[in-house]
Amino acid sequence: MNTSVIPTTDPTKAATQGAAIIRAGGLVAFPTETVYGLGANGLDGAAVDRIFEAKGRPNDNPLILHVSRKEDAFPLWSGEPPFARQLMDTFWPGPLTLIYYRSAIVPDEVTAGLDTVAVRMPDSEAARALIAASGVPIAAPSANLSGKPSPTTAEHVLQDMDGRIPLILDGGPCRYGVESTVLTLVGAPTILRPGAVTKEMLAAVLGEVSLAPSVLAPLGAGEKAASPGMKYKHYAPNAQVLVVVGEAEAAARRLSALYDEFTAQKKRVAIAATKEALPFYGDRRTALMGTRRDPATLCSRLFALLRELDASSDVILSEGVGTEGTGLAFMNRLLRSAGFRVEYV
Ligand code: TXA
Ligand code: MG
């Protein structure tokens with residue numbers, strides 16, 4: 001299959017071409033404000049199956065349905081989720097996915113047989129134009145091969161999906177660079193995956209919000225994942241990733257020592273660094289992620305950096321940061337990419 005890439009500079013033209021494929025049961029990769037999605041008609045089980053095939057994704061991992069208008073979310077749920085209206089009015093369109101009991105129109109292929117469904121309204125003109133032109137909710141996971149870092153540019157999508165899908169809509173680099181916050185409204189509101197809509201922002205609306213244990217720790221043996229996606233190896237480059245968490249200078253000293261050890265073993269090493277720690281690495285090979293003062297900058301560079309460094313490194317050493325605000329989303333992705341190999345100094 002030939003994969004074409006077209007820009008979204010004319011959103012209507014891009015949406016029209018994409019929608020023709022979606023309506024015919026095919027797959028289209030499209031930009032969102034978080035990461036690129038791999039979309040199919042979310043009401044057509046056979047079309048949704050093609051997503052799992054193209055990604056090599058285990059089909060017990062459910063997908064998010066994307067809508068272009070708030071009111072299109074309600075028919076996908078059975079009844080009105082508690083807090084849904086306040087949350088939608090505050091955070092939609094935007095990087096917040098809401099989970100509640102599904103309605104009968106949602107195919108099993110989307111929910112992987114669960115009785116709940118995840119829905120979000122993306123804050124990306126190009127994404128909403130595609131959904132609106134398709135006239136159906138679009139089921140879409142991140143547009144990477146299963147297990148690889150999520151794509152934040154059309155080039156990343158092409159690396160993973162060339163020859164597997166007919167069309168990629170190119171909207172340039174994604175603003176946030178990490179996937180949406182996933183919040184379940186079944187029972188006490190609980191964050192299953194942290195994102196740019198932070199725990200603190202959600203608590204301001206909900207009063208109280210819990211965090212699933214799997215957000216910052218590996219699942220224990222025999223433990224059941226609240227979100228099926230949490231049990232898989234994720235965001236993992238081929239290189240081994242190691243994380244050191246601590247204040248800038250202390251972290252840089254430990255990472256420099258590790259760098260020298262691996263280099264002595266003839267390994268190709270790179271350090272993913274923050275601006276604050278950069279002066280402490282001497283002439284070791286570093287790549288700048290962003291600043292500790294704004295973990296959102298770290299989030300927006302993380303996946304792109306993992307892909308870049310993977311090509312030229314056997315070992316990627318990374319600084320970690322605190323889990324306040326968007327630091328939580330950053331650490332959730334980074335620790336997973338490292339298989340939870342982390343040191344605190
Ligand atoms: O920002 C995003 O959310 C991106 C863009 C494309 O919208 N999408 C994305 O999809 O990250 P995906 O499939 O890579 O991640 C969806 C996550 C998975 O961890 C999945 O297990 C979880 O949401 N999920 C989906 N439906 C669920 C459900 N009904 N119950 C629990 N977890 C669910
Ligand atoms: Mg994903």
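Predicted model: local features only at pLDDT ≥ 70, side-chain atom pairs only at ≥ 80, totals over all residues.
Let me begin with a pair of strands: β12, which covers residues 240–245, pairs with β15 in the parallel sense, and six bridges join the two.

How much of β15 is buried? Six of the six residues in this strand, residues 315–320, are buried, so β15 is largely enclosed by the rest of the structure. In general, the side chains of a regular strand alternate between the two faces of the sheet. In β15, V315, L317 and E319 point one way, while I316, S318 and G320 point the other way, and all of them are buried.

Turning now to a helix, α3 spans residues 84–91, and its buried residues are A84, L87, M88 and F91. These residues lie on the same side of α3, because they cover an arc of only 95 degrees around the axis. As for what they pack against, the buried residues of α3 meet β5 (96–101), β9 (181–184) and α7 (199–206).

Finally, a word about open space: the second largest pocket holds about 150 Å³. Its lining is made up of 14 residues, and P31, T32, S124, E125 and G171 are the ones that lie nearest the centre of the pocket.

Methods
Residues numbered from 1 in each chain as written. Chains lettered and ligands numbered in written order. Heavy atoms only, no water. 1 Å grid on protein atoms, 1.4 Å probe; cavity = no way out; pocket = protein on both sides within 12 Å on 5 of 7 lines; lining within 4 Å. Points joined across faces, edges and corners; volume = space filled by probe spheres on them. Buried < 20%, exposed > 50% of the residue type's maximum accessible area, 1.4 Å probe, protein only. Helix = DSSP H or I, 4+ residues; strand = E, 2+ residues; numbered from the N terminus. Arc of directions from axis to C-beta. Contact = heavy atoms within 4.5 Å. Pairing = 2+ DSSP bridges.
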